[in-house]
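Hi there,

Here is the structure I promised to pass on to you. My notes on it follow below.

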Amino acid sequence: MGMSVTISAAAEQDAEQIFRLRYLCFQSEAALYGNYRIDPLVQTLDSVREEVAADCVFVARLGDEVVGSVHGRITEDGAAAIGKLCVHPRLQGHGIGARLLRAAESALADERGARTFRLHAGHRSESNLQLYSRVGYQRVGTSRGADGVPMIVLEKRAEAYATTA
């Protein structure tokens, strides 16, 4: 009998698994851009611990293993910045990423008062862009990451999360 993937808020003891998972998952993004200095690959374990303690971080678990995560926080303009969404490569394509997004959106809207969700995706990251479009995000602009990667900015109104959940 197989196990089910569960989604829950991250706990302090999850930080190391999140750190390792991000490093694994974002290798393909780094290769896509020929840039191994993207944030998830240069982030420290201490900074992941700080995110888990202060922000809205959710994990997907398969038994005791963290197989997915997402990070969200409220920005100065009151929007919810969602990022670092990742799912273990062996489990991608099974809806786990969309479930993690819904959990983060729900918590950021209901518990932290977000009215808009905003995320950034690399301009070549077609599978990520397709996922975000499928769950209701729309392209609103472009930016450049601190690492120099051209990014597409996407947003969704918070009231829309209930219709895509």
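Helices and strands here are DSSP runs, numbered from the N terminus: H or I of at least four residues for helices, E of at least two for strands. This is a predicted model, so please keep in mind that local features need pLDDT of at least 70 and side-chain atom pairs count only at pLDDT 80 or more, while totals for chains, interfaces and linings use all residues. Residues are numbered from 1 along each chain as its sequence is written, and side-chain values use heavy atoms, with hydrogens and water left out.

UniProt, in an unreviewed entry, places the feature "domain: N-acetyltransferase" at residues 5-159; its positions are given in the numbering used here, feature names are shortened, and annotations may be inferred rather than shown by experiment. Over that stretch, residues 5-159, the chain is 36% helix and 34% strand, with its end C-alpha atoms 26 Å apart.

Strand 2 (residues 56-62) has 6 of its 7 residues buried, so the rest of the structure largely encloses it; buried means under 20% relative accessible area, exposed over 50%, and partly exposed in between (1.4 Å probe, protein chains only). Strand 2 runs antiparallel to strand 1 (residues 5-9), joined by 5 bridges, and A9 has F58 as its bridge partner. Strand 2 is also antiparallel to strand 3, with 7 bridges, and L62 stands opposite E65 in strand 3.

Strand 3 pairs with strand 4 in the antiparallel sense over 6 bridges, with G68 opposite V87 in strand 4. In the loop between strand 3 (65-74) and strand 4 (80-87) you will find T75, which counts as buried because its relative accessibility is 17%. Leaving aside residues up to four places away in sequence, T75 touches A81 and R118 (contact means heavy atoms within 4.5 Å).

As for helix 1 (residues 15-25), its buried residues are A15, I18, L21, R22 and C25.

Enjoy looking through it!

Note on methods. Two strands pair if DSSP finds at least two bridges between them.
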